[in-house]
Amino acid sequence: MKKIVVVGAGKIGSTIAEMLAATGDYHVTLVDRAAAQFATAELPATVATLELDIAAPGALEAALDGAFAVLSAAPFHLTTRIAEAAATVGVHYLDLTEDVVSTRRVKELARSGKSAFIPQCGLAPGFISIVANDLASRFDTLESVRMRVGALPQYPSNALNYNLTWSTDGVINEYCEPCEAIVEGELIEVPPLEEREEFSLDGVTYEAFNTSGGLGTLAETLKGKVRTLNYRTIRYPGHAAIMKALLNDLGLRHRRDVLKDIFESALPSTLQDVVIVFVTVSGLRNGRLLQETYANKIYSQRVGQVVRSAIQITTASGICAVLDMLADGSLPATGFVKQEDIALDAFLANRFGRAYAQHEMVSRLAS
């Protein structure tokens, strides 16, 4: 059994720990600085827990001694601390961050590291990049790659049409930070919450708008190869307008702690959610302008003895699948590994990746 350390005992971290431990192939230790997190996580007895302040000098390094890999499910601002500890000890590192600055630091550490550094292993960034790169590879020349992802309540009941199903810090961060995009062949930054669009899927109308981090490293990979590349978050109509009023007109982008407290006090969480993955790629193939689309909806379901939300399942399945592929030698054991380096077919064939394959609505076209 390979020893795995998961940092962060929140909704996603506890799901990762449970899913890995259930295989019998991994000995999982779940780390958090607050013991109260373990009590609410509904963990199986096979998951060990460790109360630890990872900011304490040497504490995390000691916990990683003898581990195969560390998986970060901690808030984005702790990502670099965990990556640096992994580099010091020489264990493999995987994370879920959408934070661009953190990923740049991880890439720096990978240059001199003796293990694999694989950031952005969740849904977006993560699976969305694997899908987009697979579709893009089917064209001789690319015209556009448009990536849309949303984690939404099935039954919205407030003005924001939103419930908390993921990290509050992460949501606020992606609403506030600049967004990468390729426009007319040039890699640029565009403002968050802008370039709003509407589309329909299965008779339901959605809006989508710029948010930070969802492209992962794909913008760098496809630079010079595509005219248009962008990522937008999917919400129900009306959400973006309210968020712009809160962040811009009321200035809460400068008081994120206040906004976080408001969200967590006023917006209930829900297990009745749906994750939407919607990728459209167009380009030339054999001289013809063609388009291919991948659309998928994933719903909440039972994992072991606990019902998990769709965002928990998709995010946790993503990083667990990548860990599996690293463990069986399918991925490089050293250096920086991009999500787009992972083959979609291999990901969907994985025991964790099948969480996506089982719910496909419209799959890739046959090659």
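Domain bounds come from an automatic or database domain assignment. The structure here is a predicted model, where local features need pLDDT of at least 70, side-chain atom pairs count only at pLDDT 80 or more, and totals for chains, interfaces and linings use all residues. Residues are numbered from 1 along each chain as its sequence is written, and side-chain values use heavy atoms, with hydrogens and water left out.

**Exercise 1.** Find the domains and describe how they meet.

*Solution.* 
- Start with the bounds: the assignment gives domain 1 (2–119) and domain 2 (127–306).
- Next, take the centres over C-alpha atoms; they are 26 Å apart.
- Now look for contacts (heavy atoms within 4.5 Å): twelve residues of domain 1 touch 15 residues of domain 2.
- Finish with buried area, the accessible area (1.4 Å probe) that two parts lose on being put together, summed over both. For this pair it is about 1100 Å², with 56% on carbon and sulfur atoms.

**Exercise 2.** Which salt bridge joins Glu220 to a partner?

*Solution.* 
- Apply the rule: a side-chain nitrogen of Lys or Arg within 4 Å of a carboxyl oxygen of Asp or Glu.
- Across the interface of domain 1 and domain 2, two salt bridges turn up.
- For Glu220 the partner is Lys107, with the closest N and O atoms 2.8 Å apart.
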